[in-house]
Amino acid sequence: MSVSTETAERERTAFAAVELARNPGRPRALQVISEAFTEWTEMRGDRLFGDDRAVVGGPALLGNRWVMVIGQEKGTDAISRAVHNFGMPHPEGYRKAQRLMRTAEKFAMPVVCLVDTPAAHAGVAAEERGQAWAIAETLMTMLQLRVPVVSTVLSEGGSGGALALAVADRVLALENAVYTVAPPETCAAILYRDAGQRARAAAALRPGVDTAYEIGLVDELIPEPTPGAHAHPTVTVAALRGAIVRHLDELCTVDVDTLVQRRAARYRAAGG
Amino acid sequence: MDRNPDQVIRRQDVARPLAAPGPKLRPVAPAGTVECGGCGRRFGEQRFEKHLRVCPHCGRHAAVPATTRAGQLADPGSLGVVRMDVGDRDPLGFNDGVPYPSRIAQARERTHLQETFVIARAAIAAVPVVLACMDFGFLGGSLGSGAGEQFARGCELAVAEGRGLVAVCTSGGARMQEGIVSLAQMARCSAGVVAVSRAGLPHISVLADPCFGGVTASFAVQADVILAEPRARIGFAGGRVIEQATYDRLPDGFQTAEFLLAHGMVDAVVERGVLRDTVASLLTAFRGSR
């Protein structure tokens, strides 16, 4: 195989992985909430401007433990995708998440985050209302939260928009998910000034969650049934539920000061 | 929107003409002179530096290298740059035609810096601080793991020695060549800010043109007070990205410092000539209250 064919093949494989992660049949946050949790009551609104449907959350029972579950929801059909803005939160979504986290802290409820976003929304309104500020504040909130936090990357974790809900004591990921600094399209626009070169960017970025696992940003990869979670979403959600419960069991035995200290130390060391 | 809101802190209260784009294809400015990127007028280098790299004619604030910036802010004779070896990093083995380590080597040669930040001990109005100044000339001020380590150590130095933190932020955002590792730096820098905040130390952020992406969405806006330089472009996603993604028409002055002031996102827009005094007043106030 010539070098150029080899490169093309590598790029094709890399982008196929991104497309697999974007498969619309993969379990979404609301599906995880309905199948893995019971007694969920949704809390809405950021009490500042509006309610962003790209982020959903509220208290729910996970087994016999009350938790605050907060997820990014992409939607499952044309209408719900529009309603949930394809899982791309505005600042209100992050501020709602912060509000729910503070409530969780007040009632000593562990926080369970479900990350599924290509990126935080890029738009005029989002900028006017301080998208960067909302994300930065969420990072600060999560670093200091005095309850256990477990985050899971369901399918796509893109940009600071994903990290904002993924600063946690344990970060899990479904094995075919991607977790990247920005969607390959954006990276291509930045690096090559051409969003069309997304496959080339995907190959260079190593977007698979195995990369995040290697560098210690993800602690556990949840195996998916062949050929992927989209084929057996319910089985996948059950496996994920088991892992979240197991991690929460461990974390709930740790004293809160130690927990917060460890979380800070973990992110202080992030990236070597 | 009012282009010159009264809240802008300026040296003299006179309206300045808006920057006109300089004519294209002008011959390169001769050695020893600097051409303003706004009005195209030329000035002697010394005069330009004395004006803190602000155009004496149109008031455009040109980029300031990190070391120069630290010198502008510190009390005379108080500056001590902290030498920091953050090593060589290439977590992804990134190669987009030019291998990433070569890009780093070129940036180091060009800027004489180790990485994006210059970290220094200094005093401002006799208040001891750690200065963390970013250099846009170092790969667009991008935030990679080396820069993240610099900032985190800067925060630790501030905590260990009871110094305030003054960060001058200018960056294109995360360093794409480090992929997910660069994303993690947002959390790392935030952890540094948490430590400074918990120690009850003042943290002042100065946003210079341009400041975007993962830098704005982390330590740049986590400060007690956020100051911005006039006309600086500041935001999360860049205007071009927004236009392409949403077909939104960008409002006048979108993502400028003045726009953010009007939207309640920054405390003040401060001309460079009075930046040091403004930072000094804030540090003095915060120290006085303790």
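UniProt positions are given in the numbering used here, and annotations may be inferred rather than shown by experiment. With that in mind, the unreviewed UniProt entry annotates residues 2-250 of chain A as "domain: CoA carboxyltransferase C-terminal". The model is predicted. Chain A and chain B bury about 4,000 Å² between them. Chain B also carries four cysteines that UniProt lists under "binding site" (unreviewed entry).

**Annotated span of chain A**

**Domains of chain B**

- Chain B splits into domain 1, residues 1-62, and domain 2, residues 63-288.
- The centres of the two domains, taken over C-alpha atoms, are separated by 23 Å.

**Interface: extent**

- Chain A brings 46 residues to the contact, and chain B brings 53.
- Carbon and sulfur atoms give 71% of the area buried between the chains.
- Three residues stand out on chain A: A:Glu127, A:Trp133 and A:Arg268. They supply 20% of the area that chain A buries against chain B, more than any other three residues.

**Interface: polar and charged pairs**

- Between chain A and chain B, 13 residue pairs are in polar contact, counting pairs with both residues at pLDDT 80 or more.
- There are 2 salt bridges across the interface.
- A:Arg268 forms a salt bridge with B:Glu149; their closest N and O atoms lie 3.1 Å apart.

**Interface: elements of chain A**

- Several elements of chain A each supply at least two residues of the side that touches chain B, among them α5 (124-128), α6 (131-144), β6 (178-180) and α12 (256-268).
- α6(A) gives the most to this side, with 9 residues.
- By class, the side of chain A that touches chain B holds 28 nonpolar, 11 polar and 7 charged residues.

**Cysteine site of chain B**

- The residues that UniProt lists for "binding site" are B:Cys36, B:Cys39, B:Cys55 and B:Cys58.
- They span 23 residues in sequence, yet no two of their C-alpha atoms are more than 8.5 Å apart, so the four gather at one spot.
- B:Cys39 sits in the loop that links β1 (33-35) and β2 (42-44) of chain B.

Key:
Residues numbered from 1 in each chain as written. Chains lettered and ligands numbered in written order. Predicted model: local features only at pLDDT ≥ 70, side-chain atom pairs only at ≥ 80, totals over all residues. Heavy atoms only, no water. Domains from an automatic or database assignment. Contact = heavy atoms within 4.5 Å. Buried area = accessible area lost by both parts, 1.4 Å probe. Salt bridge = Lys/Arg side-chain N within 4 Å of Asp/Glu carboxyl O. Polar contact = N/O pair within 3.5 Å; in protein donor to acceptor, adjacent residues only side chain to side chain. Helix = DSSP H or I, 4+ residues; strand = E, 2+ residues; numbered from the N terminus. Nonpolar A, V, L, I, M, F, W, Y, C, P; charged D, E, K, R; others polar.
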